[in-house]
Amino acid sequence: MRKLPRVLVVEDEPAIAELIAVNLRHNGFAPIVVFDADAAQREVDAVLPDVILLDWMLPGRSGVQLARAWRLDERTKPVPIIMLTARSEESDKVQGLDAGADDYVTKPFSTQELLARIRAVLRRRAPESVPDTVQAGALTLDAAAHRVTWQGRELKIGPTEFRLLHYLMKHPERVHSRATLLDRVWGDHVFIEERTVDVHIKRLREALGPAGAMIETVRGAGYRFSAAALSVA
């Protein structure tokens, strides 16, 4: 029997949590519902879920604090996180994405859209199993091993940032618009805003350290990967 994807629902409003859980069960998911940060941490410590739906406002620690903590932990770092919150300002979305969320859904929300977003993060959770290695100077990306090294030292890069770097390194010296990157890296996930690309580019540059200079911002156009930019920086 096929194992149903486990979705941890961290939501302190029982009515919303039950609505989400019912729709998840009816669409082939196995929901686990908790109502506060401590319970969420216990569930994650016991069994890693496939996806986490995380409310911002929670008793105890906030969802943003939880997301940051999980992204710093090697065990929980790869688990996709979708923030689910009534906070709809752009600054809130940026803060949620900066904390490590892969997507951001505002309340009130469409259950069908939420399900589509969950399926999308599951599709892109695992890096592409392409047996190739891409190199630019001292930066090497091994797609099969899901490993990035800079001057022989392995870098810690999240799954979305890995896919983004892989695409940029495979298509160097070209300017890629945000819309193109959304299409090529995030696939047919039409709900993600272009601002999300900026957040992940920022996160990728931070992970790359000095090598991050190879990802150039082309004002008004998008981003370009250029090994030559490193010698100029």
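Student: Which residue in β7 stands opposite Thr133?

Tutor: The model is predicted, and the account below should be read with that in mind. In it, Thr133 stands opposite Asp142 in β7. The two strands concerned, β6 and β7 (residues 139–142), run antiparallel and are joined by four bridges.

This pair belongs to an open sheet of four strands, in the order β6-β7-β8-β9, with antiparallel pairing. At the edges stand β6 (133–136) and β9 (153–155), each of which pairs on one side only. On average, neighbouring strands of this sheet are turned by 25 degrees against each other, direction ignored. In a regular strand, side chains alternate between the two faces of the sheet.

A helix accompanies the sheet. Helix α6 (residues 159–170) lies across β6, β7 and β8 (147–150), and α6 runs at about 115 degrees to β7.

The space in the largest pocket is about 390 Å³. Of the 17 residues that line this pocket, the closest to its centre are Arg71, Leu72, Lys77, Gly158 and Arg203.

Helix α8 (residues 195–208) contains Asp198. Not counting residues up to four places away in sequence, Asp198 touches Arg178 and Tyr223.

Val10 is found in strand β1 (residues 6–10), and Val10 is buried because its relative accessible area is 1%. Leaving aside neighbours within four places in sequence, Val10 is in contact with several residues, including Val34, Ala40, Ile52 and Leu58. From Val10 to His171 there are 161 residues in sequence and 39 Å in space, C-alpha to C-alpha.

Strand β4 (residues 81–85) and strand β5 (residues 103–106) run parallel and are joined by four bridges. Here Met83 stands opposite Tyr104 in β5. Together with helix α4 (residues 90–98), β4 and β5 make a right-handed β-α-β unit.

How values were computed:
Residues are numbered from 1 along each chain as its sequence is written. This is a predicted model: local features need pLDDT of at least 70, side-chain atom pairs count only at pLDDT 80 or more; totals for chains, interfaces and linings use all residues. Side-chain values use heavy atoms; hydrogens and water are left out. Contact means heavy atoms within 4.5 Å. Two strands pair if DSSP finds at least two bridges between them. Axes are lines fitted to C-alpha atoms, for helices over the stretch in contact, and angles run from 0 to 180 degrees between N-to-C directions. A crossover is right-handed if, with the strands pointing away from the viewer, the path from the first strand over the helix to the second runs clockwise. On a 1 Å grid over the protein atoms alone, a cavity is a set of points where a 1.4 Å probe fits but cannot get out, and a pocket is an open set with protein on both sides within 12 Å along at least five of seven lines; lining residues have an atom within 4 Å of a point. Grid points are joined across faces, edges and corners, and a volume is the space filled by probe spheres set on the points. Buried means under 20% relative accessible area, exposed over 50%, partly exposed in between (1.4 Å probe, protein chains only).
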